[in-house]
Amino acid sequence: MRLALDEAVLAARGGDVPVGAVVLAADGTTVLATGHNEREAGGDPTAHAEVLALRRAAAKLGEWRLTGCTLVVTLEPCTMCAGALVQSRVDRVVYGARDDKAGAAGSLWDVVRDRRLNHRPEVIEGVLADECAGLLTEFFRSR
């Protein structure tokens, strides 16, 4: 999560909401890819930290299936990112701060564990939650 927090700081420096993500290989320690929000920087509404990290990890592995991988992200994924997590077949998602307004991994919705879907990653929430939430609070307070 510390690496994801570092990515979140990069997002804020670029004028984006401070969310960072890291994809870990099946061994749980090898970093395959990182990402941070780049919506403002790239003018791309899909440039969320999770989506960018998943794309980069898939490119590094040479396939779209990220079976065995873990996505670590500072903020609970939204519906778009939760869908991408399911489609990428990651085994687990670890997130810091809950998103009671748009979260789709247990708070507002629970897309990633919906029994109607063919893949349901494990969800671990609340890792360094206060630090993750603090970055977001500071960012929006300064606006």
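Predicted model: local features only at pLDDT ≥ 70, side-chain atom pairs only at ≥ 80, totals over all residues.
I take buried to mean under 20% relative accessible area, exposed over 50%, and partly exposed in between, with a 1.4 Å probe and protein chains only. Residues are numbered from 1 along each chain as its sequence is written, and side-chain values use heavy atoms, with hydrogens and water left out.

**Helix 1**

I looked up helix 1 (residues 2-13), where helices (H or I, at least four residues) and strands (E, at least two) are DSSP runs numbered from the N terminus. On the buried side I noted Ala4, Leu5, Glu7, Ala8 and Ala11. They cover an arc of only 160 degrees around the axis, which puts them on the same side of helix 1; the arc is that of the directions from the helix axis to the C-beta atoms. On the other side of helix 1, I found Arg2 and Arg13 exposed. An α-helix has 3.6 residues a turn, so residues three or four places apart point the same way.

Among the elements that cover the buried residues of helix 1, I listed strand 1, strand 2, strand 3 and helix 5 (129-142). I also checked the length: the end C-alpha atoms are 17 Å apart, which agrees with the 16 Å that 12 residues should span at 1.5 Å a residue, the expected span being 1.5 Å times one less than the number of residues. Just after helix 1, glycine 15 takes a positive phi of about 90 degrees.

Two strands pair if DSSP finds at least two bridges between them. Strand 1 pairs with strand 2 (residues 31-36) in the antiparallel sense over five bridges, and four bridges join strand 1 to strand 3 (residues 70-75), also antiparallel. In the hairpin of strand 1 and strand 2, with six residues between the strands, glycine 28 takes a positive phi near 80 degrees.

**Histidine 48**

I placed histidine 48 in the loop between helix 2 (39-42) and helix 3 (49-61). Histidine 48 is buried, with a relative accessible area of 14%. Leaving out residues up to four places away in sequence, histidine 48 touches Asn37, Arg39, Cys78, Met80 and Cys81, contact meaning heavy atoms within 4.5 Å.

Most residues other than glycine have a negative phi. I noted arginine 89, with a positive phi of about 70 degrees, in the loop between helix 4 (79-88) and strand 4 (92-97). I also noted leucine 128, with a phi near 50 degrees, in the loop between strand 5 (122-125) and helix 5; at 29% relative accessibility leucine 128 counts as partly exposed.
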